[in-house]
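Please read the following note with the sequence and the structure open side by side. Its points are numbered so that each may be checked in turn.

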Amino acid sequence: MTRCGVVVLAGRPNVGKSTLLNALIGEHLAIVSPKPQSTRRPVVGLLTRDDTQFIFTDSPGLLEPEYKLHEAMRAAALRGIADADAIAYLHPLAEFPAPPLEQLARLDRLPKAPIVTVYTKADVVLPSDRPTVRRSDGVVVAAVRGEGLDALLAALREHLPESPFHYDPAEMATQPTRFFAAEFVREAAFELLHEELPYSVAVEIDEFREGSEPVYIRAVVYVERDSQKGIVIGEGGRTIKALGAAARAKIAALLGGSVYLELHVKVLPKWRRHEPSLKRLGYAG
Ligand SMILES: Nc1nc2c(ncn2[C@@H]2O[C@H](COP(=O)(O)OP(=O)(O)OP(=O)(O)O)[C@@H](O)[C@H]2O)c(=O)[nH]1
Ligand SMILES: [Mg+2]
C-alpha cells in the first residue's frame, strides 16, 4: 500500500521554510529572501519517492500581526497546521531547543497532526557550538547544502496515512503558472528594493498568454504610496527595468521557455491594511 499526505512546513519567519521546500522538490518554487515575511501565501510542492507521495505546503511565518495582511498570513499558517497530516516545525539549530509549537503559534490546544521538529541552517553552526540533538528531539538539516533531507523524509513518511497517490508522480506543483509568475516578481522586488519597500509591494497578473512564444505576461506592481511608485520605477525607469529582467529570468527558468514580461507600477493606497484590497490580491479569503 502506498502512502500519501500533506506535510506543512511551519515556524517563525525566516527560519528557512521556503528554502527547505525548494530543496525537497529540487526546483525553485517558493520565493526566498534574507528579509523575513517573504512568504504570504502557502506554496505547494509535490514529491513522489518510491511508495510515498509527500504534499508539502510551505506556509507564511508565524508572527504577531501588526496589520491586516499579517492577520491573513497568520490565518493561512494556522490553517496549514490544522489541515496537515504531519507538521514539520522548523527552528534554527543555532537556537536549540525549539519552544513548543503551541506556544509559538499561540494555539489553545495541541495540533491534531504529529509534529517533527526540524532544526535548520546547520551549516552556520560551528562544530564546537553544535548541540546534541537526539532522534527524539528532531531532525537536523542544512537545506542549502541538501544535508539531512533523506532523514527528514524518512521521519515524515512514518506519519503519512496509507492512501493512493493524489497526484501524478511526475507533477511537482499544483498552483497555476501565473501564481508563480506573480510570486517571482515579488521575489525580484525583495532582491532589488531596499528596507521596507518590498513589504509594500504586491503583484497582480493582468494577462497571461501561455499559448504564445514567448509567453506573454502583463503584471501590475502595486505599492502603497505615490512616493514609492517613483522609487520602484527609478531614474529613467532603471529600477523597474531591472526588476522586470530579474523576474523574467526566474519565470523563464520555471517554464523552460522564453517569456515577455510587461510591468506597470500602480498605487493601491494602504493595501496591507485594507480588507477588500487583500481579497482582490488573493491574500484574504
Ligand atoms: N546558511 C543557510 N541559510 C539558509 C538555509 N536555509 C535558509 N537559509 C537562508 O535563510 C533566509 C530565509 O530563508 P527562507 O527560506 O526565505 O525562510 P522562510 O522561513 O521561508 O521565511 P518567511 O517566508 O519569510 O517566513 C534566506 O536568506 C535563506 O537563504 C540553510 O540551510 N543554511
Ligand atoms: Mg518563506
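1. Strand E1 and strand E3 (residues 52-58) pair in the parallel sense, over seven bridges. Strands (E, at least two residues) and helices (H or I, at least four) are DSSP runs, numbered from the N terminus, and two strands count as paired if DSSP finds at least two bridges between them. Within this pairing, Leu 9 lies opposite Asp 58 in E3.

2. The model is predicted: local features require pLDDT of at least 70 and side-chain atom pairs pLDDT 80 or more, while totals for chains, interfaces and linings use all residues. Residues are numbered from 1 along each chain as its sequence is written, chains are lettered from A and ligands numbered from 1 in the order in which they are written, and side-chain values use heavy atoms, with hydrogens and water left out.

3. E1 also pairs with strand E4 (residues 86-92), again in the parallel sense, over five bridges. Here Val 7 stands opposite Ala 86 in E4. Strand E1 (residues 3-11) is mostly covered, as eight of its nine residues are buried; buried means under 20% relative accessible area, exposed over 50%, and partly exposed in between (1.4 Å probe, protein chains only).

4. Which residues coordinate the magnesium ion (ligand 2)? Ser 18 (OG) and Thr 39 (OG1) do so, at 2.0 to 2.1 Å. Donors are N, O and S atoms within 2.8 Å of the metal (3.2 Å for Na, K and Ca); water is not among the atoms, so sites may look incomplete. The two residues are 21 residues apart and link distant parts of the chain: Ser 18 belongs to helix H1 (residues 17-25), and Thr 39 to the loop between H1 and strand E2 (43-49). Ser 18 counts as buried because its relative accessibility is 7%; Thr 39 is likewise buried, at 7%.

5. An open sheet of three strands runs in the order E7-E8-E9, with mixed pairing. Strand E7 (202-209) and strand E9 (259-267) are at the edges; each has a single partner strand, so one side of each lacks a neighbour in the sheet. Strand E8 (residues 215-223) pairs with E9 in the parallel sense over nine bridges, and Ala 219 stands opposite Leu 263 in E9.

6. Two helices pack on this sheet. Helix H5 (residues 177-192) touches E7, E8 and E9, and its direction makes about 135 degrees with that of E7. Helix H7 (residues 238-255) touches E8 and E9, at about 135 degrees to the direction of E9. Contact means heavy atoms within 4.5 Å; axes are lines fitted to C-alpha atoms, for helices over the stretch in contact, and angles run from 0 to 180 degrees between N-to-C directions.
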